[in-house]
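Subject: Structure handover

Hello,

Here is the structure I promised to pass on. Please open it first, then read my notes below.

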Amino acid sequence: AEALQFLNIEPEDINLNVDGDSHMGLRYSPPTGSVVAFFYAEAIHEAGKKVKQNIIERAGHFMDIDPGDLDVKDGMIVQKSNPNNQQSVSDMMINGDCVPIHTYHVRDNQKDPKGVSYGAWFAEVEVDIELGNVEVLNLVLVTDAGKVLHASGAESQQLGGQCMGLG
């Protein structure tokens, strides 16, 4: 909703289809692991910018105004040089035959570590040096995950990582 705030959209206006039918709505895939929530937020934020720019470009054609002289605020397309010249986005989209709008976001290969959690593992082990057997006696995990959005998902990530690490 924040990414589409320029359209005057509130969280309750978003229809999340949890049946997995991507034709009728967003595919339900909760951010439960790794840095998925961070990447979702980034992709949605960037897609919101692209949707706004796409609306402005289409509105420029529809209203016969240079797109550089247009902005979208509170669901209205506004001419910057003449703020009284306004058109609702919904009217322009329907009457201007401007639907649907498709966009995508491809994340470049940034090396910036933001959104990545850090952790340390400590293991107490007993090694049979004759047979080469190793027994883990105690394992402690410490993770700095930042703000956890989905507690059971974060816990599952820790348990899964613990199992993989032991393996």
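Which residue in β5 is the bridge partner of I77? It is Q87.

First, some ground rules. This is a predicted model, in which local features need pLDDT of at least 70, side-chain atom pairs count only at pLDDT 80 or more, and totals for chains, interfaces and linings use all residues. Residues are numbered from 1 along each chain as its sequence is written, and side-chain values use heavy atoms, with hydrogens and water left out.

**Overall layout**

The protein has three helices and seven strands. Both kinds of element are DSSP runs, numbered from the N terminus: helices are H or I with at least four residues, strands are E with at least two. Their order from the N terminus is β-β-α-β-β-β-α-β-β-α. Of the 167 residues, 19% are buried (under 20% relative accessible area; exposed is over 50%, partly exposed in between; 1.4 Å probe, protein chains only). The accessible surface is about 12,200 Å² (Shrake-Rupley method, 1.4 Å probe; for residues, only the protein chains shown count as cover). Carbon and sulfur atoms hold 52% of that surface.

Strand β4 covers residues 76-79 and β5 covers residues 82-88. They run antiparallel, joined by four bridges. Two strands pair if DSSP finds at least two bridges between them. The hairpin links β4 to β5 through two residues.

**Q79**

Q79 sits in β4. Is Q79 buried or exposed? Q79 counts as buried because its relative accessibility is 13%. Its side chain makes a polar contact of 2.9 Å with the side chain of D69. Another, of 3.4 Å, goes to the side chain of S81. (A polar contact is a pair of N or O atoms within 3.5 Å; within protein, one must be able to donate a hydrogen and the other to accept it, and residues adjacent in sequence count only if both atoms are side-chain atoms.) Beyond four places in sequence, Q79 is in contact (heavy atoms within 4.5 Å) with I65, D69, L70 and N85.

**The core**

The largest nonpolar core has 14 residues. Such a core is a set of buried Ala, Val, Leu, Ile, Met, Phe, Trp, Tyr and Cys residues joined through side-chain atoms within 4.5 Å. I55, L70, V72, I77 and M92 have the most contacts inside this core. Helix α1 (36-63), strand β3 (70-73) and helix α2 (89-95) each give two or more residues. The largest share, five residues, comes from α1. Not counting residues up to four places away in sequence, M92 touches I55, R58, A59, F62, I77, Q87, D97 and C98.

Best wishes
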